[in-house]
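Hi everyone, thanks for making time for this. I'd like to walk you through a structure, so let me put it on the screen.

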Amino acid sequence: MVPVGSLGTAMAGDYGKAIAGCFGKASVGQYGKASVGYKGESTAGLYGTAAAGLYGEIRIQWWDNKAQRYRIAVAYVGENGIKPNVAYKLDDNHNFVEANK
């Protein structure tokens, strides 16, 4: 696990865990877990999970077989049912779903 404070940036590799405070950025590789606080940006690689605090942004990478390239799905806490401080993953249709369900 790689925790940092507010305004910090935390990065971890595949299967890693990165946590950043308010306004922070947390990025992880494949199968990783990223989490940030208020107005933070959380990014996870393939099969990863991401969570953000109130007004935060969640990004999760997925592979587009048709285009043969990686894509990023983006969700905003407070919009379309995305809740603060809840870990999300992508379903088979690249929609955000709660990771713990």
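I'll go through the pockets, then a surface patch, and then the salt bridges. Please keep in mind that this is a predicted model.

The largest pocket holds about 240 Å³ of space. Two elements give two or more residues to its lining, namely strand 8, residues 57-64, and strand 10, residues 88-90. Strand 8 makes the largest share, with four residues. Among the lining residues you'll find Ile60, Gln61, Trp62 and Trp63, along with Lys89, Leu90 and His94.

Have a look at Trp62 for a moment, which sits in strand 8. Is Trp62 buried or exposed? Its relative accessible area is 17%, and because the cut-off for buried is under 20%, Trp62 counts as buried.

Now to the surface. Leu7, Phe23, Tyr38, Leu54 and Tyr55 form a nonpolar patch, with about 540 Å² of accessible area together. Leu54 belongs to the loop between strand 7 and strand 8, and Leu54 is partly exposed, at 40% relative accessible area.

Last topic: charges. Side chains of opposite charge can pair when their charged atoms come close. How many salt bridges does the structure hold? There are four. One of them joins Arg59 and Glu57, at 2.4 Å from N to O. Arg59 is partly exposed at 29%, whereas Glu57 is buried at 16%. Another pairs Arg71 with Asp64, with 2.7 Å between the closest N and O atoms. Again, Arg71 is partly exposed at 33%, and Asp64 is buried at 12%.

Then there is Lys83 with Glu98, at 2.8 Å from N to O. This pair links distant parts of the chain, with Lys83 in the loop between strand 9 and strand 10 and Glu98 in strand 11. Finally, salt bridges with shared partners join Glu41, Glu57 and Arg59 into one network.

Thanks, and I'm happy to go back to any view.

Notes
Residues are numbered from 1 along each chain as its sequence is written. This is a predicted model: local features need pLDDT of at least 70, side-chain atom pairs count only at pLDDT 80 or more; totals for chains, interfaces and linings use all residues. Side-chain values use heavy atoms; hydrogens and water are left out. On a 1 Å grid over the protein atoms alone, a cavity is a set of points where a 1.4 Å probe fits but cannot get out, and a pocket is an open set with protein on both sides within 12 Å along at least five of seven lines; lining residues have an atom within 4 Å of a point. Grid points are joined across faces, edges and corners, and a volume is the space filled by probe spheres set on the points. Patches are made of residues with over 30% relative accessible area and no salt bridge: like charges are joined within 9 Å, nonpolar side chains (Val, Leu, Ile, Met, Phe, Trp, Tyr) within 5 Å. Accessible areas come from the Shrake-Rupley method with a 1.4 Å probe; for residues, only the protein chains shown count as cover. A salt bridge is a side-chain nitrogen of Lys or Arg within 4 Å of a carboxyl oxygen of Asp or Glu. Buried means under 20% relative accessible area, exposed over 50%, partly exposed in between (1.4 Å probe, protein chains only).
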